[in-house]
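I opened my notebook and looked through one structure, topic by topic. Here is what I wrote down.

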Amino acid sequence: MTVSTPPRTIYIGLAGLGNVGAGVYKNLQQNGDLILQRTGADIQVKRVIVRDPSRPREVPVPAEMLGTDWRELIEDPDIQVVVELIGGTTTAYDLVCAALRAKKIVVTGNKALLAERGQELFALAEECGVPIYFEAAVAGGIPIIQVLQEGLVGNRILSIHGIINGTCNYILTRMSQAGLSYEDALNEAQEKGYAEADPTLDVSGWDAAHKAIILASLSYGFWIPTSCVHVEGVDKIDIQDFKFAKRLGYTIKLLSVIRADKDGLVEVRTQPTLVPLSHVLANVSGSFNALLVNGDIVGETLFYGRGAGQDPTSSSVISDLCEAAAVLVYGARHSGFVPHGLYGKSKPIEDTVSHYYMRLTVDDVPGVLAQVATLLGQRNIGISSMIQPEDLEDTSGSTSLVLMLHDALLSDMLQALDALRALDCVRGQPSWMRVETLQG
């Protein structure tokens, strides 16, 4: 097949030549002929901004293409698209704003930037009449942004359940399948390159939470404030909780949950969660990501793939570059985010309702269960099942008490936890997690 019209050269400026930036440069070189045939655009990198031009790199870039000042991308009249892959929310914000004001299309994979300052950036994009593309900001190579903006545009999104942090999913998989402690699983993830030397953003849950904010904002038409998002990390999970979860028919995943209630209030949260072993999300292992999207017309749809890494993420960046080329060759599109008035408020996290798992270390004496049950009942929390495994009793006179709790408001649950900590018969901190009653 040949293009029917002469190809148009689209020059791009690339800010950042780290793992993803190197992948973008490499794969544009490798598949440029395919992109040309499919889009009619010859996408060429003209300038690359890096911190240290003298540093050895896995992808060779001609020295004359390298620079250190991102303003070079803005001031070059030939560059029509700026690709921001430097990360952070300060310099990256200045770069994106300057590019939009210079009428240059922006492609970014910066989830933190969009989650924290997306409302300002998309308002500026609308004002300037220039789009921002950000497929690479969520779930690596999975084209979930395009799905929400185009494939499911006629659906009301009822809910999204996502495993969207590969680092945490790898850690939890190894804890579950190999019986590793959290510390050993994290060390292994770092050795294999799945976790950064400083893994805080991932294991705290905030990397996944930033992605959830973007997905929720696209789904419900208003920008979700970070202050309205509930976030818990994986660093407090004990290997015992995996053993109990398995006995109860569950495994533990860092799950991002997005849903709107009947009043249009939007709930966004990321936390360790018990997921039924019978459900497909329970079998998403290693560094893979998956998203279960429920639309009112289409029903449930599942998206699965690698959520990070050089090639999967660069694939999403290149997809956005092809979208940008189509705009430049064939005509304009919207700014990348379309607000609407069907929703507009975040649901207070204290008003969210879930089943719960709870593990208590208690004195092995009569009457303990009665005290716990009474305290929970006073806060409208019912017990659906209980296990008290004799094989985990220790010689210090304590035992584990594992409870599965009926639906309860988070506010009631938090009050109950405070009261339980004050009981003389409870030792240490209670372990507790939400339980998602997903259907297999």
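The entries below cover confidence, strands, cores and salt bridges.

**Ground rules.** I am working with a predicted model, where local features need pLDDT of at least 70 and side-chain atom pairs count only at pLDDT 80 or more, while totals for chains, interfaces and linings use all residues. Residues are numbered from 1 along each chain as its sequence is written, and side-chain values use heavy atoms, with hydrogens and water left out.

**Confidence.** I looked up pLDDT, the predictor's confidence in each residue, from 0 to 100. The chain averages 90, and 94% of the residues score at least 70.

**Strand S5.** I took helices (H or I, at least four residues) and strands (E, at least two) as DSSP runs, numbered from the N terminus. In S5 (residues 105-108), Ile105 and Val107 point one way and Val106 and Thr108 the other. I found all of them buried, meaning under 20% relative accessible area, with exposed over 50% and partly exposed in between (1.4 Å probe, protein chains only).

Which strands pair with S5? Pairing requires at least two DSSP bridges between two strands. S4 (residues 79-84) runs parallel to S5, with 4 bridges, and Val81 stands opposite Ile105. S6 (residues 132-133) also runs parallel to S5, joined by 2 bridges, and Tyr133 is the bridge partner of Val107.

**Cores.** I searched for nonpolar cores, sets of buried Ala, Val, Leu, Ile, Met, Phe, Trp, Tyr and Cys residues joined through side-chain atoms within 4.5 Å. The largest has 117 residues, and Ile144 and Leu321 have the most contacts inside it. Helix H9 (residues 206-220) gives the most to this core, with 9 residues. Leaving aside neighbours within four places in sequence, I saw Leu321 in contact (heavy atoms within 4.5 Å) with residues including Val81 and Val107.

**Salt bridges.** My search of the whole structure gave 19 salt bridges, each a side-chain nitrogen of Lys or Arg within 4 Å of a carboxyl oxygen of Asp or Glu. Where do Glu436 and Arg269 lie? I placed Glu436 in the segment after strand S17 (426-435) and Arg269 in strand S10 (residues 265-276), 167 residues apart. Their side chains meet at 2.9 Å, N to O. Glu436 is buried at 5% relative accessible area, and Arg269 is buried at 0%. Salt bridges that share partners join Arg259, Glu267, Arg269 and Glu436 into one network.
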